[in-house]
Amino acid sequence: MSSYEFTGKTIKEAVAKACEELRTEEALLDVEVLEESTRGFLGIVGQRDARVRVRKRNILKEVLEAEDTRSSVDTDVEESPPEESLEEAEVPRQSAVSSVDEGEVPENREVGPPPPALGEAKTVLEEILRRMPVEAEVRASMSGDAVYLDIKGDGSGLLIGKKGQTLDALQFLVNKIINKTTPSGSKTEIIVDTENYRMRKTENLREMALKMSEKAKRTLKPVSFNPMPAGERRIVHLILADEREVYTKSYGEGPLRRIIVYPRHGMAGKRRRR
Amino acid sequence: MKELIEYIAKALVDNPDEVSVSEVEGEITSVIELKVAKPDLGKVIGKQGRTARAMRTILSAASTKLKKRAVLEILE
């Protein structure tokens, strides 16, 4: 069966293009990511489009199988509910497997007794949003030890901002305000989310991390990430922590701090990399 | 937008009574001036200016929504 390559600013875009071009739906395509897109440095150097290879699935065969068992379709549907938009449906597909702690955030409500911070955090966020003014509802729940605040409504990307900037700012301030008086050590972590952004982000990071580690293993040379904020670096470190053949380290200062993935048995100079 | 900054600042500092915010409105851009008690200055600026940056980010999101521009100035 023939396969085609597509490029786009993001993987999603590339897949969308593929669907359009081949006049089909994403569900009917096997997608293989060849290259992640990178923003490059200051948007000038090293900008690269995402590349995907898609292959049409043998629909007829699958339909016949599905008729037989129904099961294969059912699992498929669970993974990417059809009513979701293309973007969202795509996330679980590419990196199905296990999830990191941050990834499982949304659906587990009310685990253990909610600490007083829960209501407080909810109020603070609502008050801030009300003054922005954004009309949205905040749903508070517990996710492990952290308070998870989900902003419902509005729908626009306004609250997420460029690369999640606004969402991070909201989260940072709510954390600051809530933990203002608490002594360090007993601080409550508060996660602010909307439209499942955090989970999507984690999934994207996971994909990228795994790809980078593959590359490091293949080339036996250190592979460098683009600079990212602390929280995202942490996720990448955690994801790659169980990989035996690579290890990760961060270098650089402030906003330029980046992760470098080293192959364990690589002969490339580790020292020089600083 | 003034209320937004005022609320956040009051929530951050130890002396909320000494927070004062004024808005100087221009045609396109309005400047929001934030004044806090001296010991609280660090609280609204934050480590490496992180808190101030977060407030500015939220402010710019808010002003996008209102189709305006706003700048936050922290006065000493």
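H1(B) passes H3(B) in a right-handed crossing. The model is predicted. In chain B, H1 covers residues 2–12 and H3 covers residues 50–65. Their axes lie 10 Å apart, at an angle of about 155°. Angles over 145 degrees count as roughly antiparallel, so H1(B) and H3(B) are roughly antiparallel to each other.

The residues in this contact can be named. H1(B) supplies B:Leu4, B:Ile5, B:Ile8 and B:Leu12. H3(B) answers with B:Thr51, B:Met55, B:Ile58, B:Leu59 and B:Ala62. By class, the contact of H1(B) with H3(B) holds 8 nonpolar residues, 1 polar residue and no charged residues.

**Across the chains**

H1(B) also packs on chain A, against H6(A), residues 165–178. Here the angle is about 40° and the axes are 8 Å apart. How are H6(A) and H1(B) set to each other? Roughly parallel would need an angle under 35 degrees; H6(A) and H1(B) are therefore oblique to each other. From H6(A), A:Leu173, A:Lys176 and A:Ile177 take part. They meet B:Ile8, B:Ala11 and B:Leu12 of H1(B). This contact of H6(A) with H1(B) counts 5 nonpolar residues, no polar residues and 1 charged residue. B:Ile8 and B:Leu12 are named in the contact with H3(B) and again in the contact with H6(A).

Now the whole interface. Chain B gives 21 residues to the contact and chain A gives 19 residues. Between chain B and chain A, about 1,800 Å² is buried. Carbon and sulfur atoms give 75% of that area. Which residues of chain B lose the most area to chain A? They are B:Tyr7, B:Ile58 and B:Lys65, together 33% of what that side buries. One of these, B:Ile58, also meets H1(B) within its own chain.

**Within chain A**

H7(A) and H8(A), residues 230–240, form another helix pair. Their axes come within 9 Å and cross at roughly 55°. That makes H7(A) oblique to H8(A). The crossing of H7(A) and H8(A) is right-handed. On the H7(A) side the contact uses A:Lys201, A:Thr202, A:Leu205, A:Arg206, A:Ala209, A:Leu210 and A:Ser213. On the H8(A) side it uses A:Glu232, A:Ile235, A:Val236, A:Ile239 and A:Leu240. The classes for H7(A) with H8(A) are 7 nonpolar, 2 polar and 3 charged residues.

| Helix pair | Angle | Axes |
|---|---|---|
| H1(B) and H3(B) | about 155° | 10 Å apart |
| H6(A) and H1(B) | about 40° | 8 Å apart |
| H7(A) and H8(A) | roughly 55° | within 9 Å |

H7(A) covers residues 197–219. At 1.5 Å a residue, its 23 residues should span 33 Å. The end C-alpha atoms of H7(A) are 33 Å apart, which agrees.

**Backbone exceptions**

Most residues other than glycine have a negative phi, and most peptide bonds are trans. A:Leu220 follows H7(A) and has a positive phi, near 60°. A:Lys163 is another residue with a positive phi, near 50°. A:Lys163 sits in the loop between strand E5 (146–152) and H6 of chain A. The peptide bond from A:Met132 to A:Pro133 is cis, with omega near -10°. A:Pro133 lies in the loop that joins helix H5 (116–131) and strand E4 (137–143) of chain A.

Definitions and conventions. Residues are numbered from 1 along each chain as its sequence is written. Chains are lettered from A and ligands numbered from 1 in the order in which they are written. This is a predicted model: local features need pLDDT of at least 70, side-chain atom pairs count only at pLDDT 80 or more; totals for chains, interfaces and linings use all residues. Side-chain values use heavy atoms; hydrogens and water are left out. Axes are lines fitted to C-alpha atoms, for helices over the stretch in contact, and angles run from 0 to 180 degrees between N-to-C directions. Helices (H or I, at least four residues) and strands (E, at least two) are DSSP runs, numbered from the N terminus. Angles under 35 degrees count as roughly parallel, over 145 as roughly antiparallel, 65 to 115 as roughly perpendicular and the rest as oblique. A crossing is left-handed if the near helix is turned anticlockwise from the far one by less than a right angle, and right-handed if clockwise. Contact means heavy atoms within 4.5 Å. Ala, Val, Leu, Ile, Met, Phe, Trp, Tyr, Cys and Pro count as nonpolar, Asp, Glu, Lys and Arg as charged, and the others, Gly among them, as polar. The expected span of a helix is 1.5 Å times one less than its number of residues. Buried area is the accessible area (1.4 Å probe) that two parts lose on being put together, summed over both.
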